[in-house]
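Here is a short briefing on selected local features. The sequence and model come first, then the notes by topic.

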Amino acid sequence: MSATQAPESAELPDLPELPDKVVVDDAIKVIHDHADRIFLWEYGRDRAQLVTLYNKAMASQWSSVIDLDWSTDVDPEALVDLDTPMLRLVKGAIEVPGSPIKSWGEKELTAYAIEGFKAQLSQFMHGEQGAMMTAAKIVETVPWIDAKYYASTQTMDEARHTEVFAKYLQTKLGDPYPMSPYLEEQVTTLLEDSRWDIAYLGMQIIIESLALAAFGDLLRRTEEPLLRKLLRYVLADEARHVAFGILSLAEFYEHLSEAELKDRQEFLAENTLRNRSRSTTPEVWDRLGVPFEKVAPALAEAAAALKVNPFAGFQKAFFSKLVPNVGKLGLLDANNGYLRKQWDTAGLMAYEFAEDTASDYASYDAVAQDRAAASDS
Ligand SMILES: [Fe+2]
Ligand SMILES: [Fe+2]
């Protein structure tokens, strides 16, 4: 036996059989992917718009270490807003007779707002890791070389996004929250699916639209300079990712049968309509020493009395991104307008002609804007 040849009966430690979707321990989760990996022998660059986007992505790489000033002091109390719809709801719940939080004042409300903020950034961090793995899956599974090249740049982008949200939490705010079961299920489904385009549809079109809405909303509300710059740079990347999804899927869906398109329409209907019934983060209450089950009735009563839906503004921003983008894929009108009818019933078609991000990613490009300003001065 040569030195490089492994012995046939090498002793391996006994490893347990891992069933699908098993959580091995608190530190890792195993996901089994059912998609084929595609190796290509065609290296021709025949998708000009993807070539342009790839070149743009390479030129727009930024550094989490050089471009962000981590020495910035962050005061969590100054960071939070006590006048958001969610906080108005909590203030309403204080007034409900028999409320378990009836003794709450400004100090507790501020603590709640800080924990809520940490919970939100934690979902961004986990979602970004999901995006990193989904982009890596696209590198492996998409049958076009230009798309493999582009998705590789996106994988790097998403690594940077995961890293900066994790660092912001760790160095400025404190312990992160676990991934919400809703987001975890959504991302896991994409990573398991055997169809390469479903990873695109779920990540580039649905979750990236969610991210654009959530990051944009936070950017409008925050004055903190480190977080502002971080969000502007992340948004610049995300807008490009959505454009990548639309370019690729619009081409692919042109060649699918009505039955295959129906699958995609159903996927969108199920994932977006379910999103409308999201609830608050129970762990935030647990950390503040108030069991969520105890405060939930008071919150529900306050929501009914005040007619407040804390997610209304966010949903509007999300659907304003999502619906026009899905229209560009031809998925509203395939199968005699199956998705159009579903979304119309849910009131979403009002967003059909909202501003979209398929083609205007350049206007989001804060990295290029900052570099141009620096070279002018
Ligand atoms: Fe991202
Ligand atoms: Fe992204």
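**Position of Q61**

Q61 is partly exposed, because 13 other C-beta atoms lie within 10 Å (buried means 20 or more other C-beta atoms within 10 Å of its own, exposed 12 or fewer, partly exposed in between; C-beta atoms are placed from the backbone). This is a predicted model: local features need pLDDT of at least 70, side-chain atom pairs count only at pLDDT 80 or more, and totals for chains, interfaces and linings use all residues. Residues are numbered from 1 along each chain as its sequence is written, while chains are lettered from A and ligands numbered from 1 in the order in which they are written.

- Q61 sits in the loop between α1 (48-59) and α2 (76-79) (helices are DSSP runs of H or I, at least four residues, numbered from the N terminus).
- Q61 and A368 are 307 residues apart in sequence, yet their C-alpha atoms are 9.8 Å apart in space.

**Helices α3 and α4**

- The axes of α3 (residues 85-95) and α4 (residues 106-141) come within 11 Å and cross at roughly 140 degrees (axes are lines fitted to C-alpha atoms over the stretch in contact; angles run from 0 to 180 degrees between N-to-C directions).
- α3 is therefore oblique to α4 (under 35 degrees is roughly parallel, over 145 roughly antiparallel, 65 to 115 roughly perpendicular, the rest oblique).
- M86, L87, V90 and K91 of α3 meet L109, Y112, A113 and G116 of α4 (contact means C-beta atoms, placed from the backbone, within 7 Å).

**Helix α5**

- α5 (residues 145-173) has 29 residues and reaches 41 Å from first C-alpha to last, close to the 42 Å expected at 1.5 Å a residue (the expected span is 1.5 Å times one less than the number of residues).
- G174 follows α5, with a positive phi near 115 degrees.

Key. Helices (H or I, at least four residues) and strands (E, at least two) are DSSP runs, numbered from the N terminus. Two residues are in contact if their C-beta atoms, placed from the backbone, lie within 7 Å.
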